[in-house]
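Please look over the sequence and the structure before reading on. The notes that follow are grouped by topic, and they begin with a question.

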Amino acid sequence: MSRLRFIIPLAAFALLVVVLAIGIRQSPDKDLIPSPLIGKPAPAFSLPSLTDPGQRVSSTQLQGHWYLFNVWGTWCVSCREEHDMLLKIKQAGVIPLVGLDWKDDRGDALSFLKQAGDPYATIAVDQDGSEAIMWGVYGAPETFLVNPQGIVVYKYIGPITQQAWEQQILPRLPMGQTPSAGASS
Amino acid sequence: MTARLCTFVIAALVAALLLAPSAVYAIAPEQMPTPQLEARYLALINGFRCMQCQDESLADSPVDLAADMRRQVRDMLLQGKTDQQIRDFMVSRYGYFILFKPPFVLKTAWLWLTPGVVLLVGVLIALRVIRQRAALAAADMEDNDLTDA
């Protein structure tokens, strides 16, 4: 009985350590916040085009096609890191990239794309950041995979890696996907 | 004369109260047209988490995204949306994680119930210890009585 007195608090303490260790491991890592938009319709939008401010980029134009909705900005260092991968995705020709230029300077964005290459089929401009809130964006880059019915199928947070492309995005696409149909401007 | 002085003092106090900020914020909150809207606005932005600096509220956070989200809350209030509609909107975009006080749903039940369960276990242990001590003390008393006698 007297020995039990020491063992019980010790066991309780050990349990607490385990619980806290799990808590720390799984603490709200920015990468782990799941998007409530998955399985739901992507937000409807109609925004000015970056390349041609007279034109608008709208969600209705994109209906009927798979697309990757990529939130970026020239001020975002990780987006520059991601850029080569985006160019590779464009080259693969499997799915069009729709850009959302988030709170960016138009001149900066255009000169960056001219110099580094433009992976996007079309780019919408979110001047004041309100469209990003519609998509639940809290950092750039963030990429949403949207299906032809306009449903968000998957969200990738952070720069897309080759691994993410091969293991997370490609397997979610139907086989025999026609190269970047329709969505190019 | 004293009556006039009194009214003056009261007026000055009222003016001071009206002009004084009701609370100190790291970020100057944007002005709302009426005190009612202002109060709702402050309550709402204090209840939302800043998604970039996750331990701060939207009210406290200096980051750009928090400013954009405060503007979203303000715009929705000015459009006449209810607090619940605004909260639902934020949850539909960012998930329950954005609420500092998550609702009681199946997914969050353990979060709400664990403290109660732990407290209950603690109370049970405490009760047992107290009873044991009381029994020991009583036995002790009896011993003392015997030796004294």
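In which loop of chain A is A:Lys103 found? In this predicted model, A:Lys103 belongs to the loop that lies between β4 and α4 (106–116) of chain A.

**Two places in the backbone of chain A**
- Although A:Lys103 is not a glycine, its phi is positive, at about 45 degrees.
- A:Lys103 counts as partly exposed because 19 other C-beta atoms lie within 10 Å, whereas a residue is called buried if there are 20 or more.
- The peptide bond that leads from A:Ala140 to A:Pro141 is cis, with omega near -5 degrees, and A:Pro141 sits in the loop between α5 (130–134) and β6 (142–146) of chain A.

**The sheet of chain A**
- Five strands of chain A make up an open sheet with mixed pairing, and their order is β5-β4-β3-β6-β7.
- At the edges of this sheet are β5 (122–126) and β7 (152–157) of chain A, each of which pairs on one side only.
- Neighbouring strands of the sheet are turned against each other by 20 degrees on average, with direction ignored.
- Strand β4 (residues 97–102) of chain A runs parallel to β5(A) and is joined to β5(A) by five bridges; A:Asp101, for example, has A:Val125 in β5(A) as its bridge partner.

**The domains of chain B**
- Chain B is divided into domain 1 (25–103) and domain 2 (104–149), and the C-alpha centres of these two domains of chain B lie 44 Å apart.

**Confidence in chain A**
- Chain A has a mean pLDDT of 90, and 90% of its residues reach 70 or more.
- Over residues 178–185 of chain A, however, pLDDT stays under 50.
- Where pLDDT is low, the predicted coordinates should not be read in detail.

Methods: Residues are numbered from 1 along each chain as its sequence is written. Chains are lettered from A and ligands numbered from 1 in the order in which they are written. This is a predicted model: local features need pLDDT of at least 70, side-chain atom pairs count only at pLDDT 80 or more; totals for chains, interfaces and linings use all residues. Two strands pair if DSSP finds at least two bridges between them. Helices (H or I, at least four residues) and strands (E, at least two) are DSSP runs, numbered from the N terminus. Axes are lines fitted to C-alpha atoms, for helices over the stretch in contact, and angles run from 0 to 180 degrees between N-to-C directions. Domain bounds come from an automatic or database domain assignment. pLDDT is the predictor's confidence in each residue, from 0 to 100. Two residues are in contact if their C-beta atoms, placed from the backbone, lie within 7 Å. A residue is buried if 20 or more other C-beta atoms lie within 10 Å of its own, exposed if 12 or fewer, and partly exposed in between; C-beta atoms are placed from the backbone.
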